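This report describes the pockets, the cavity and the nonpolar core of one protein model. The sequence and structure are shown first.

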Amino acid sequence: MTPDQIRLVQDSFHEVLPIRVAAAALFYERLFAIDSDLRALFLASDMPKQGAELMASLGSVVRGLDRANTVLPTVRELAKRHVACGFKEHHYPIVGQALIDTMAAGLGTAFTPAVREAWEAAYALLASVMIAAAREDQLAA
């Protein structure tokens, strides 16, 4: 990611924070619309709490994008927790699409092509780190 892309992701996420509860609900609505089978991974979840955790985790990662070496260990641990919950590698593109759709809806006209590209780059980076961590965890098991 370029410094400009990092700034775009951080600035745009800051714009979504005031609507974080609605954004989290929209994310899961979109996620389940794309792949209804994913709903099974959340049957026992308190969805408002899950949404708050999503936004907190996303916020932490977004704030740390300019210091990737400090945030990537957290991202790796997050991947391991997702594996334990039944999350599979083929789910990552679905989550990415739900995230991009959520940001587009939350930002409206402020979700410019440059902002989209920055979010896609950020998600690609994080997903690749998470996938690698999940694979390592599965090989170690």
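## Pockets, cavity and core

Helix 3 is the leading contributor to the lining of the second largest pocket, giving eight residues. Helices here are DSSP runs of H or I with at least four residues, numbered from the N terminus. The model is predicted: local features need pLDDT of at least 70, side-chain atom pairs count only at pLDDT 80 or more, and totals for chains, interfaces and linings use all residues. Residues are numbered from 1 along each chain as its sequence is written, and side-chain values use heavy atoms, with hydrogens and water left out.

Lining residues have an atom within 4 Å of a point. A volume is the space filled by probe spheres set on the points, which are joined across faces, edges and corners.

| Space | Volume | Lining by class |
|---|---|---|
| Largest pocket | about 760 Å³ | 24 nonpolar, four polar and two charged residues |
| Second largest pocket | about 230 Å³ | 12 nonpolar, two polar and two charged residues |
| Largest cavity | about 50 Å³ | nine nonpolar, one polar and no charged residues |

In these classes, Ala, Val, Leu, Ile, Met, Phe, Trp, Tyr, Cys and Pro are nonpolar, Asp, Glu, Lys and Arg are charged, and the others, Gly among them, are polar.

The largest pocket has a volume of about 760 Å³. Of its 30 lining residues, Y28, L54, L78, H82 and M130 are the closest to the centre. Helices 2, 3, 4, 5 and 6 each supply at least two residues of this lining, and helix 3 gives the most, with seven. The second largest pocket holds about 230 Å³. It is lined by 16 residues, of which R20, A24, P48, G51 and A52 are the closest to its centre. The elements that give two or more residues to that lining are helix 2 and helix 3.

One cavity of 30 Å³ or more is counted. The lining of the largest cavity consists of V16, A23, A24, F27, L54, M55, L58, L99, T102 and M103. Helix 2 (20-34), helix 3 (47-63) and helix 5 (92-107) each provide at least two of the lining residues.

A nonpolar core is a set of buried Ala, Val, Leu, Ile, Met, Phe, Trp, Tyr and Cys residues joined through side-chain atoms within 4.5 Å. Buried means under 20% relative accessible area, exposed over 50%, and partly exposed in between (1.4 Å probe, protein chains only). The largest nonpolar core has 43 residues, and L31, Y92 and W119 have the most contacts inside it. Helix 6 gives the most to this core, with 11 residues.

Contact means heavy atoms within 4.5 Å. Beyond its neighbours within four places in sequence, W119 is in contact with V9, S12, F13, L58, V62, L99, I100, M103 and F111. S12 lies in helix 1 and is buried, at 6% relative accessible area. The side chains of S12 and W119 make a polar contact at 2.7 Å; such a contact is a pair of N or O atoms within 3.5 Å, where, within protein, one must be able to donate a hydrogen and the other to accept it, and residues adjacent in sequence count only if both atoms are side-chain atoms.

Key:
On a 1 Å grid over the protein atoms alone, a cavity is a set of points where a 1.4 Å probe fits but cannot get out, and a pocket is an open set with protein on both sides within 12 Å along at least five of seven lines; lining residues have an atom within 4 Å of a point.
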